[in-house]
Amino acid sequence: MAQSKTDTPILSRSLQNKSIVSRIVNQITDAIINGELKPGDKLPTETSLCATFEVGRNSIREAIKILEAYGVVYIKRPDGTFVNDRYSQKMLDPMLYGILLEKNSSDEIIQLRKVLDIGIMQQIMHTITPEQIAHIEGCLENLINAVSKKDKDIETVLNADIDFHMALTNASQNQLLLSMYTYVDRITIPSRKNAVKMVLAEDDTDDFIRLHTEMLTMISRKDFTGIEHTINDHYKFWKQVI
């Protein structure tokens, strides 16, 4: 009986009719996802990959460069190329660039951050410690001080706001979640800076602080039912500028 495609090792399958380099990248990535290649495994030699995929050395080398740039593999000369066995922030770079290149992506960015914020709140309510709550309270106090100064500085307020949200995310104790949130945070900083400008220009600092205080209060009370409403309310100023 002929071997079906699903039974054929991924690294032995035909590349068919796609861009050669992207097909090599996808096929090696699929092999890692499916467990044919495991973290720390050495990839077949360049010669072997050329023979298996029936392509030239330049295509293999270009594909390996892409995978290395993505943090999927690393090259250890003279030993060869290995599947990365450690998490690298470079792995999220393609997602970041993809979001940045999307036209009219404001709604999608809000939705993405909302999903992350709600998930983070749900997670930390299960595990948060008094020490973590105290740290978040300290970040909130710093934010209050930043918006209470006579000569308010936009950058100082923005950085205090970022620190507050990162303290929430750190409380999840989930490195992958933290990395994803950091990327989304980077994308939203320009629009959030405009939101801070608006808050300070219109003297809405009391409401601005209320929105942050409500998040901390909800966490302290472990009010799971109020998460989505609180997050939606928290985006009040941001939505006006984005």
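Contact means heavy atoms within 4.5 Å. Keep that in mind for this chain. Among its contacts with a separation of 6 or more, 67% join residues 24 or more positions apart.

Some ground rules. This is a predicted model, where local features need pLDDT of at least 70, side-chain atom pairs count only at pLDDT 80 or more, and totals for chains, interfaces and linings use all residues. Residues are numbered from 1 along each chain as its sequence is written, and side-chain values use heavy atoms, with hydrogens and water left out.

Now the overall layout. The protein chain has 11 helices and 2 strands. These are DSSP runs, numbered from the N terminus: H or I of at least four residues for helices, E of at least two for strands. In sequence order the pattern is α-α-α-β-β-α-α-α-α-α-α-α-α. Of the 242 residues, 42% are buried. Buried is under 20% relative accessible area, exposed is over 50%, and partly exposed lies in between, using a 1.4 Å probe and protein chains only.

Next, helix packing. Two packed helices are described by the angle between their axes and the distance between the axes. Axes here are lines fitted to C-alpha atoms, for helices over the stretch in contact, with angles from 0 to 180 degrees between N-to-C directions.

Take helix 5, residues 106-127, and helix 9, residues 205-221. Their axes come within 9 Å and cross at roughly 40°. That makes the pair oblique. The cut-offs: under 35 degrees is roughly parallel, over 145 roughly antiparallel, 65 to 115 roughly perpendicular, and the rest oblique. Who makes the contact? Helix 5 gives Met-121, Ile-124 and Met-125; helix 9 gives Met-215, Met-218 and Ile-219. By class, that is 6 nonpolar, no polar and no charged residues. Nonpolar covers Ala, Val, Leu, Ile, Met, Phe, Trp, Tyr, Cys and Pro; charged covers Asp, Glu, Lys and Arg; the others, Gly among them, are polar.

Helix 5 also meets helix 7, residues 154-170. Those axes come within 9 Å too, crossing at roughly 55°. Again, oblique. Arg-113, Ile-120, Met-121 and Ile-124 of helix 5 touch His-165, Leu-168 and Thr-169 of helix 7. This contact has 4 nonpolar, 2 polar and 1 charged residues.

On to cysteines. How many disulfides are there? The whole-structure search finds 0, a disulfide being a pair of cysteine sulfur atoms within 2.5 Å. Cys-50 is buried, at 12% relative accessibility. Cys-139 is buried at 9%.

Last stop, Asn-26. This residue sits in helix 1, residues 20-33. With 39% relative accessible area, Asn-26 is partly exposed. Its C-alpha lies 9.2 Å from that of Ala-63, 37 residues away along the chain.
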